[in-house]
Amino acid sequence: MTAQPALVDTNIFGYVFDTGEPEKQKIAKELLSRCWRGETQYAVSVQNLAEFAVIVTEKVANPLPYVTVQEFIKNIGTFNGWKKVGYSSKTIEQAVQIRSVHAIHFWDALLIATMLEHGITSVYSEDHHLAKVPLVTVINPFKD
């Protein structure tokens, strides 16, 4: 079986636009630029894109314009360098199981269930608690 690309978590997308964290913004932009340049492929869950849209338009001090958010999501959705993955009711069942066994937030469990369903075992994120689930490797691009 071919190795699947690492998934990029919502927090990485958020830092691309976060001018209040210039060092993390620089690292996040470079990480995504590797994909845009065709140097690597990444995976993204539809859940990540939805979370991104909510966070950058509703949960930050300086919300992004909707047109910027729509364009960013459209660019990911139409670019072949991104493997887009979704989930089903079966995935949600698995997420409930993961949540109960590993005591993590449901939305994190859903992300992990989606990843595993698609054979993805690595995730770029600063959320280290995702590593509570065996088979998941968290790559924090902000650590040396």
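Leu-135 is found in the loop between β4 (122-124) and β5 (137-139), strands being DSSP runs of E of at least two residues and helices runs of H or I of at least four, both numbered from the N terminus. The model is predicted: local features need pLDDT of at least 70 and side-chain atom pairs count only at pLDDT 80 or more, whereas totals for chains, interfaces and linings use all residues. Residues are numbered from 1 along each chain as its sequence is written, and side-chain values use heavy atoms, with hydrogens and water left out.

Although Leu-135 is not a glycine, its phi is positive, at about 80°. At 67% relative accessibility, Leu-135 counts as exposed (exposed means over 50% relative accessible area, buried under 20%, and partly exposed in between, with a 1.4 Å probe and protein chains only). Ala-103, placed in the loop between α5 (89-102) and α6, also has a positive phi, near 55°. Ala-103 is exposed, with a relative accessible area of 60%. Most residues other than glycine have a negative phi.

The chain as a whole comprises 6 helices and 5 strands, which follow one another in the pattern β-α-α-β-α-α-β-α-α-β-β. For 144 residues, a compact globule would have a radius of gyration near 15 Å, and the 15 Å of the chain agrees with this; the radius is taken over C-alpha atoms, and the globule rule is 2.2 Å times the number of residues to the power 0.38. The C-alpha trace spans about 35 × 35 × 30 Å along its principal axes. Of the 144 residues, 38% count as buried. Contacts (heavy atoms within 4.5 Å) with a separation of 6 or more include 59% between residues 24 or more positions apart.

Helix α3 (residues 46-58) has 13 residues and, at 1.5 Å a residue, should span 18 Å; the end C-alpha atoms are 18 Å apart, in agreement. The expected span is 1.5 Å times one less than the number of residues. The buried residues of α3 are Gln-47, Asn-48, Leu-49, Phe-52, Val-56 and Thr-57. The cover over these buried residues includes β1 (7-8), α1 (10-16), β2 (42-45), α4 (66-78) and α6 (106-117).

Within helix α3, Gln-47 counts as buried because its relative accessibility is 5%. When residues up to four places away in sequence are not counted, Gln-47 touches Tyr-87, Trp-107, Leu-110 and Leu-111.
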